[in-house]
Amino acid sequence: MSEEINMQELVQFIAGKTKATPGSIEQVLKHEQTFINNAQEDKNGEVNIDSDELVDYILSRPGLKLDELTVETILDVEMEYLMDKGIAGYID
């Protein structure tokens, strides 16, 4: 994630729209960043993330005590935040 993102604001935004605790949200975001950093770039230098693979990866991390729906909701709300800020979008 770029430095443009205020992590505290992002965590508060997600916490306001989910029932997850800030600590759980930070854990999910940290694991998400690790997954993205380890993803392979395609021939165009872009990284395509499969959301199911990402959720499975996050759920497989030790110490994470969230269900699949909560992880998916955190990631969806994060994307909503990033799109609102003009930082990210979906590719069709």
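Predicted model: local features only at pLDDT ≥ 70, side-chain atom pairs only at ≥ 80, totals over all residues.

Numbering starts from 1 along each chain as its sequence is written, and side-chain values use heavy atoms, with hydrogens and water left out.

Start by selecting residues 22-38, which is helix H2 (helices are DSSP runs of H or I, at least four residues, numbered from the N terminus). H2 has 17 residues and reaches 24 Å from first C-alpha to last, close to the 24 Å expected at 1.5 Å a residue (that is, 1.5 Å times one less than the number of residues).

Next, pick Ser 24, Ile 25, Val 28, Leu 29, His 31, Glu 32 and Phe 35: these are the buried residues of H2 (buried is under 20% relative accessible area, exposed over 50%, with a 1.4 Å probe and protein chains only). Look down the axis of H2: the buried residues fall within an arc of 165 degrees, so they line one face of the helix (the arc uses directions from the helix axis to the C-beta atoms). On the other side, Lys 30, Asn 37 and Asn 38 are exposed.

What covers the buried residues of H2? Show H1 (7-17), H3 (51-59) and H4 (68-84), which are among the elements covering them.

Now move to H4, where Val 71, Ile 74 and Leu 75 are among the buried residues. The buried residues of H4 pack against H1, H2 and H3 (contact means heavy atoms within 4.5 Å).

Terms used:
Helix = DSSP H or I, 4+ residues; strand = E, 2+ residues; numbered from the N terminus.
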